[in-house]
Amino acid sequence: MQHNIYSRARNQRGLVGRRSAISALVCGLALAGAISYSGSATAGALSIDAGFELSDGNLVPESPGPNFDWNSFNPVTWTGTAPLRQATKTVDGWVFTGLEDRQATTQDSGFAGGTKQDDSCASVITAKAPNKDDLKRVYVTSKTINDVNNARNGHVILGLSWIRIPQNTTSPSAHIGFEFNAGTSGACAGPGGLVVRTAGDMLIVYDFEGGTAVPAISLRRWVTSGACEVGSKSPPCWGPSVNLTDSGAAVAGVNTGATASDTAGPTNETLGIKEFGEAGIDLTDAGVFAPGVCATFGSAFAVSRSSGSSATAQMKDLVGPGNINITNCGSIKIIKRTAPRGVNQAHSFTSTIPAAGSPAAPNEACTLDSTPASFTLNDSGNTNADNAANTESCTNVPIGSYTVTEGADASNFSFVDVSCTATGTGTSATTSAGSKVASITLAGGGVVTCVYTNRQNLGAILVTKNRKHAADGPSDHPQVGVDITVNGVTKATNSSGQACFDGLPFGDYTVHETVPDGYHVDANDKVKTVDNNAKCTDATFVGETVSFLNMPLTDITVSVDSQIDGGTASTISCVDKDGNVLGSTATDADAVTGGDGSVKVEDLEPTDPAVTLVCTIIVDP
């Protein structure tokens with residue numbers, strides 16, 4: 001019968017004390033009989049917090065417990081050519097990587113005799129590994145805990161497992177090094193695909209001494225100065241070993257009492273006793289990911305070792321390397337765009353992203369400034385692309401929750417929306433309609449991009465020009481070709497008698513008509529307030545409207561002509577309906593030479609009712 005023990009007792013650090021857990025294990029043996037795995041003392045605490053059965057010595061999700069295990073990734077698609085296939089998959093926030101290896105063959109990848117774990121860019125050869133050191137596959141998974149109610153909220157959890165070939169002894173030990181490299185220092189020369197180590201690279205050693213012993217998990221970091229694990233060595237080297245099992249930062253288990261079913265591999269397989277081992281490590285508790293300090297591992301491989309005797313153990317079978325992405329930081333990018341694009345206007349923002357170089361984010365980098373708590377963005381000159389001026393790009397942002405908020409609307413601009421995209425397991429960004437706040441949850445390796453759009457308040461004025469024209473009928477008629485000027489731009493009216501002006505920032509504008517000759521000039525300057533977003537091309541025009549109506553003018557001439565020069569003198573007088581004298585009069589020979597003369601009344605505008613004009617001519621002999 002197979003049983004799983006998940007102790008929920010916690011000490012002050014939220015982890016089970018090792019001695020009390022061992023007592024619980026003994027008690028469990030007395031109550032439940034044979035246990036099917038050899039697991040570390042704090043299995044329950046880390047497994048429950050992580051939501052992954054990291055040390056029960058099998059791959060099957062079970063209850064009680066997290067009910068999530070390696071077989072939870074099934075089905076897994078393995079790519080490449082056997083027996084060197086690889087696989088990746090993400091389930092429930094866990095990012096899975098599987099690496100397959102040759103088995104029981106002299107063509108297997110390994111290391112030259114005498115190669116030690118401390119040897120940088122070790123020589124990779126083909127060789128058959130000893131039976132207990134011959135690995136079939138290794139699995140790696142990681143997740144950032146994103147649950148404020150979880151004691152490990154914000155912690156990066158690493159899961160490891162190994163599978164080896166059938167064993168020819170009853171109590172084989174297992175000593176496996178899982179090396180994680182930043183992968184930023186270039187590739188090693190020669191075969192094998194190893195990369196040059198970088199300061200901070202991580203080596204996790206899995207030591208299982210056989211029988212029902214609890215596996216021990218230890219950690220080393222690659223150092224370029226200071227102490228080495230092997231006293232006779234000098235940097236660069238693996239630094240001093242840290243026992244993660246004793247500190248409670250790691251749990252582990254081996255299937256010492258029962259076979260294990262593996263459905264995450266290329267084919268479903270039943271693994272014999274002591275052919276499967278696993279471990280879980282809280283990389284945050286282990287100090288790999290210090291608060292605010294970014295660390296990223298992009299490459300990983302596993303190597304079986306001759307023993308657990310520190311870095312002097314000889315390296316045997318090589319599995320991998322393969323690409324991974326384990327990090328405690330992500331990136332946030334904020335982009336400002338205007339509608340229309342490219343308007344020269346600064347827009348202000350605030351955020352809770354920590355200052356670059358601060359204790360909370362010592363190796364963060366933001367493109368615009370080192371204080372992303374307050375910054376401005378300007379879309380000036382952009383059309384279809386973005387540039388440094390309208391983009392705040394912050395990399396190496398520690399995992400956590402952040403907000404970004406746009407400030408008050410700039411003059412003649414109104415907020416439209418903010419749209420965010422988030423990639424990476426556990427990373428998210430939320431917004432709400434009409435709100436200028438983007439709420440971001442950033443997990444390791446996550447990328448968030450938020451685009452803020454502000455519309456420039458631009459309106460339009462549609463001018464309609466009509467005229468009275470008796471030949472066309474009594475109503476008003478569109479007048480073509482009349483010049484209209486708005487904001488320094490002049491346009492002639494079209495066949496509909498209209499001219500439209502848009503792209504006008506909100507405000508007051510004078511609409512000027514250049515009145516054609518022969519028409520009455522009256523109020524040819526009109527002031528219009530633009531306070532509504534509109535364009536001339538809108539299907540339904542919602543902008544401002546202005547109209548002009550011109551009346552045609554008439555000149556009247558009344559004249560006299562004495563048939564006998566000087567024979568008569570005449571007086572001409574014209575008055576309107578109100579008795580106002582119009583034009584001029586001629587009353588003597590100086591004014592009307594030889595009895596001839598005229599009165600001209602100009603620029604008469606038709607009215608409703610019609611204009612009435614009375615002219616009186618007095619002929620004086």
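Q: Is Asp603 buried or exposed?
A: This is a predicted model, so the value is a computed one. Exposed means over 50% relative accessible area. Asp603 comes in at 52% relative accessibility, so Asp603 counts as exposed.

Q: What is the phi of Asp603?
A: Most residues other than glycine have a negative phi. Asp603, found in strand β41 (residues 597-604), isn't a glycine, yet its phi is positive, at about 55 degrees.

Q: In which loop is Asn487, a residue with phi near 55 degrees?
A: Asn487 is another residue other than glycine with a positive phi. Its place is in the loop between β32 (483-486) and β33 (489-492).

Q: Which strands stand at the edges of the open sheet of five strands?
A: The strand order is β23-β21-β25-β28-β27, with antiparallel pairing. An edge strand here has a single partner, so one side of it is left without a neighbour in the sheet; that goes for β23 (374-378) and β27 (428-430).

Q: Which residue in β28 is the bridge partner of Ala429?
A: β27 and β28 (residues 437-442) run antiparallel, and three bridges join them. In β28, the partner of Ala429 is Ile440.

Technical notes
Residues numbered from 1 in each chain as written. Predicted model: local features only at pLDDT ≥ 70, side-chain atom pairs only at ≥ 80, totals over all residues. Heavy atoms only, no water. Helix = DSSP H or I, 4+ residues; strand = E, 2+ residues; numbered from the N terminus. Buried < 20%, exposed > 50% of the residue type's maximum accessible area, 1.4 Å probe, protein only. Pairing = 2+ DSSP bridges.
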